[in-house]
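Colleague: Before we begin, may I ask you to show me the model and take me through it step by step?

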Amino acid sequence: MIRLMVWSMGTLLLLSGCSIKEVKPWEKGDLAMDIMQYEGLHPEVKKFEAHTYFSKEASRGGAGVAGGGCGCN
Amino acid sequence: MQLSKIAALAIIATGVTQAENYVSVEYLQYDENDNRVSVMAPSLTASYDIGTDYNIKADFVHDSVSGATPSYLPDGASGASSRVTNSTDFIYGKQAFNEERNAGSLVITKRFANRDELIVGGDYSRESDFDAKTVSLEYMHYLNASHNTSLNLGASYGFNEILSFTNSSTTTRNRRDDDRFEREDDYDTSSGASRKETSTSLNVQAGITQILSPTSSMKVAGFAIMDEGYLTNPHAFVVRDYSTAPKLVGENRPDTRRAYGVDLKYITLLGERMSYQVGYRYYTDDWKINSHTIENDLYYKLGKRVTLGAGLRYYTQTEASFYNGAKDYFTNEEFASSDERLSSFDALTYKANLDFKQNDKISYNIGGEFYSQSTGLDATLITVGAKFRF
Amino acid sequence: MIRKILSTLLLTTLSVMALEQGEILPQPLQTQLKLEKDKLYVIDFFASWCKSCKKELPLIATIHDNNLTEVIGINVDKNREEGEAFVKKFNLKFPIVYDSDQALINTFKPLGFPTLYYIKNGKILKSIVGAIDAIDLQIQKDLKEFK
């Protein structure tokens, strides 16, 4: 599992051009944009999407530990 | 030059945190093809910052679920549709149901002087035959003074109560002529016709978020999920001993499930107005289900008020070791399921959405998604909502 | 114009090292910020995208509005229009310097953001790095210590 994580991170780094720049605190304005958030513009919709996939598919996990179960699976 | 003590002690977040005050209402409409499941789900979410160090967020959703799910049924209905056209005893038809579900969650975030975050959450979901309670704890720790790297650790514990049937035979159930099959007097605990089962779920996750540049970042996380207890679907059936003494009985799944996986995400700004996010998740469990998920999302700011979004998700899974969809497969196996959600299939989701900012305080959103599985399941998800910031 | 170019060049050269408590600001910087002798200034770096700035700025504005001391805000939005809209939205009445090329903040190089500095006669007396609750009360407390 750890090997898989390290391999995965390395792959993503390759995708990013093998560069990690030191970003200063005041240079993070673009990262603060609403379109730059991992949960999208509407986390409530993402939550319902996840619920849909949980009830129609056989796998889950990876998007954080919060969130409860349902009798839909 | 020496670091000033004050600066060293009070290294803070860069304001990238998204906590803010708002109330949002969303209406979600989910519909499947072939008169299967429909869900209407209004939801309400509120988020409030208490000073600079605390945030409290609560949400509530009410699902009204109706329709029918695929299942093996006794074939006594004239004109019944069936996937197994040569069967005269059992058909793979649709089992009708109606359900109302209420669910709510509360999340409290505490930010420390160094801007590490502790997040405590609780979820509660209730429907007529399922009751779920979950508590979760997450901690986000910055690994460097620049706050470009953070370690995220989380764990949640869920306790579920499920109403199951003592008599797993369908002989006491009613049949109807329109291919539907409804239960009556199912939840008769006093007569012993049903009983309460329980299950627990432990979910742990560890990950790292790394800012790569002023316009990109990535996340990688590993997770493990341990389910124990009653994991069977009490409404799903299998056919056993079809060639000798055919009978329709409730399915039976193992009472433990161990799952592991890795989740990767990358997000980048393209130009000044467009962002692109890609994610990959690998999942595997001891039911022999492996899955791959790839998600892509694109957002584009059209002017100052309108944001357009589009997305594509691809999903593929292998089948559970105890799954078989054929009615003449199972005999005396301990574990057996014909629930197609445990079968092998691919799925694609196409998404589009629009967000409109009326002003700094009010915005509206509308979105549509089309989900299609290789099992034949198609579904649409429509969302409409509004957000009020204060 | 030439003076501005030379100031920027000098500031760029000096921006390799962060400015810390006890240090004297370079003269071109003092000139650019129009710092007067014997006056105590609160200089606050902020941006429209900074969530904690939205909480702090109205409180910092009360320091200026109540004439407790001189306040200068330095907006570091790369898009100056966004910075101006932000200032207008919060109705900030104290002097604002728009640092859209981020040369000024690259000279100060604070360890975090937002950051507030107390400066008198060009000397950094103290800095507050980060968001804190009730920053106006903290500033009032600090001002008493400096007097």
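Predicted model: local features only at pLDDT ≥ 70, side-chain atom pairs only at ≥ 80, totals over all residues.

The questions and answers below go through this model chain by chain.

Colleague: What average pLDDT does chain C have?

Modeller: The pLDDT is the predictor's confidence in each residue, from 0 to 100. In chain C, 90% of the residues score at least 70. The average for chain C is 89.

Colleague: How many helices and strands does chain C have?

Modeller: Helices (H or I, at least four residues) and strands (E, at least two) are DSSP runs, numbered from the N terminus. From that terminus on, the elements of chain C follow the order α-α-β-α-β-α-β-α-β-β-α. The total for chain C is six helices and five strands.

Colleague: Which strands stand at the edges of the sheet in chain C?

Modeller: Two strands pair if DSSP finds at least two bridges between them. The five strands of chain C form an open sheet of mixed pairing, in the order S3-S2-S1-S4-S5. Each edge strand has a single partner, so one side of it is left without a neighbour in the sheet. The edge strands of chain C are S3 (96–98) and S5 (123–129).

Colleague: Which residue takes a positive phi in the hairpin of S4(C) and S5(C)?

Modeller: Strand S4 (residues 115–120) of chain C pairs with S5(C) in the antiparallel sense over six bridges, and Lys120(C) stands opposite Lys123(C) in S5(C). Two residues lie between the strands of this hairpin. The one with a positive phi, near 50°, is Asn121(C).

Colleague: At about what angle does helix H6 of chain C run to S5(C)?

Modeller: Axes are lines fitted to C-alpha atoms, for helices over the stretch in contact, and angles run from 0 to 180 degrees between N-to-C directions. Two residues are in contact if their C-beta atoms, placed from the backbone, lie within 7 Å. Helix H6 (residues 135–146) of chain C lies across S1 (40–46), S4 and S5 of that chain. Its angle to S5(C) is about 155°.

Colleague: Which residues of chain A are in contact with Ala47(C)?

Modeller: Neighbours within four places in sequence are left aside here. Within chain C, the contacts of Ala47(C) include Cys53(C) and Asn75(C). From chain A, the contacts are Trp26(A) and Gly29(A).

Colleague: How many residues of chain B count as buried, as a percentage?

Modeller: Chain B has 390 residues, with one helix and 18 strands. The buried share is 38%.

Colleague: Which residue of S16(B) is the bridge partner of Gly311(B)?

Modeller: Strand S14 (residues 290–302) of chain B runs antiparallel to S15 (residues 306–317), joined by 12 bridges. S15(B) is also joined by 12 bridges to the antiparallel strand S16 (residues 345–357). The partner of Gly311(B) is Lys351(B).

Colleague: Which strand gives the most to the side of chain B that touches chain A?

Modeller: In this interface, 87 residues of chain B are in contact with 45 residues of chain A. With 10 residues, the strand that gives the most is S12 (residues 256–270) of chain B.

Note on methods: Residues numbered from 1 in each chain as written. Chains lettered and ligands numbered in written order. Buried ≥ 20, exposed ≤ 12 C-beta atoms within 10 Å, placed from the backbone.
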